[in-house]
Amino acid sequence: MLRAIKNDCRLNAKDWLLYPAFVIGGFLFGLILTFLVMRSNDPESWFPLASLFAILGGFFCALLYDSIAFLPRYQIALSMGCTRKPLIAAQFLLCAAKMAACALLTLPLLYLDLAIYRRFYAVWPVELDLLPYFRTPWLLLYLLTPPCFSLLISGVIGKFGRRGGGVLYFIFLFCCIGLPRIAKGAEQNPDGWVARFFAACAALPAALWISAGAILLLLVLLFSIRAMMTIRVELS
């Protein structure tokens, strides 16, 4: 495993630059979007969009790049006689290390976002403060979620091909488009069963959410490892 980590760091050193690029790019995009929203509308509160996009930057880099780039590298390494388990373990640990670097970079950006708020938008109340989440067990989910789902994407696409990728894409679209529409419908009908379901979920303690997230990540990781262990080596 150490040899696999060393080889990956040597051959793919430029990948480490992508994560901070996504984080900083997301932060700048969030600042611009915040400025446009606060100037063009009549807001009732201030939402830390820059902080949110900075946090999501590492996620999208892991899910959109690392997962796709790892699959051909994995197959090439297998064709050269490397064993599967060290490669999978190295990918998981390297992705987690990159997310830790993202966390170290994101933390000062969160303080910077709050400083910009106090300087320009202090007349509006803060709708959500993301900084406390970097001091709680939620940080572990931030570090471990991308490695698990990155392996999941690699395993599903490598195992099931385009059909597996299509299923993942459908789930992604549902989370990005379907869930917001369902939530908006629940706001318009607060007495409906969907609104009551969301209210019941929101009332659950944070410890229960963290435990459920940890169990989900464990299941995703086990399934991903199983899929990666059974991928056939196909090089075109």
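Student: Which helix gives the largest share of the lining of the largest pocket?

Tutor: H5 does, with 16 residues. Keep in mind that this is a predicted model.

Student: What volume does the largest pocket have?

Tutor: About 1,800 Å³. The lining counts 34 residues, and the closest to the pocket centre are Leu56, Phe59, Thr145, Phe149 and Cys175.

Student: Which helices each supply at least two residues of that lining?

Tutor: H3, H5 and helix H7 (206-229).

Student: And how does the lining split by class?

Tutor: There are 31 nonpolar residues and three polar ones.

Student: Where does H5 bend?

Tutor: At glycine 161, by about 140°.

Student: I'm also curious about serine 154. Which helix is it in?

Tutor: Serine 154 lies in H5, which covers residues 138-188.

Student: Is serine 154 buried or exposed?

Tutor: Buried. Its relative accessibility is 1%, and the cut-off for buried is under 20%, so serine 154 qualifies.

Student: What is serine 154 in contact with, leaving aside neighbours within four places in sequence?

Tutor: Ser67, Phe70, Leu71, Met228 and Ile231.

Student: Now H3. What span should it have, and what does the model show?

Tutor: H3 covers residues 49-79, so 31 residues at 1.5 Å each should span 45 Å. Its end C-alpha atoms are 44 Å apart, which agrees.

Student: Where is the kink in H3 centred?

Tutor: On aspartate 66, and the kink is about 35°.

Student: What about the glycine that follows H3?

Tutor: That is glycine 81. Its phi is positive, near 95°.

Student: Which residues line the largest cavity?

Tutor: Trp46, Pro48, Ser51, Leu110, Asp113, Leu114, Leu128, Asp129, Leu130 and Leu131. By class, seven are nonpolar, one is polar and two are charged.

Definitions and conventions
Residues numbered from 1 in each chain as written. Predicted model: local features only at pLDDT ≥ 70, side-chain atom pairs only at ≥ 80, totals over all residues. Heavy atoms only, no water. 1 Å grid on protein atoms, 1.4 Å probe; cavity = no way out; pocket = protein on both sides within 12 Å on 5 of 7 lines; lining within 4 Å. Nonpolar A, V, L, I, M, F, W, Y, C, P; charged D, E, K, R; others polar. Helix = DSSP H or I, 4+ residues; strand = E, 2+ residues; numbered from the N terminus. Buried < 20%, exposed > 50% of the residue type's maximum accessible area, 1.4 Å probe, protein only. Contact = heavy atoms within 4.5 Å. Expected span 1.5 Å × (residues − 1). Bend = angle between axes of the 7 residues up to and from the residue. Points joined across faces, edges and corners; volume = space filled by probe spheres on them.
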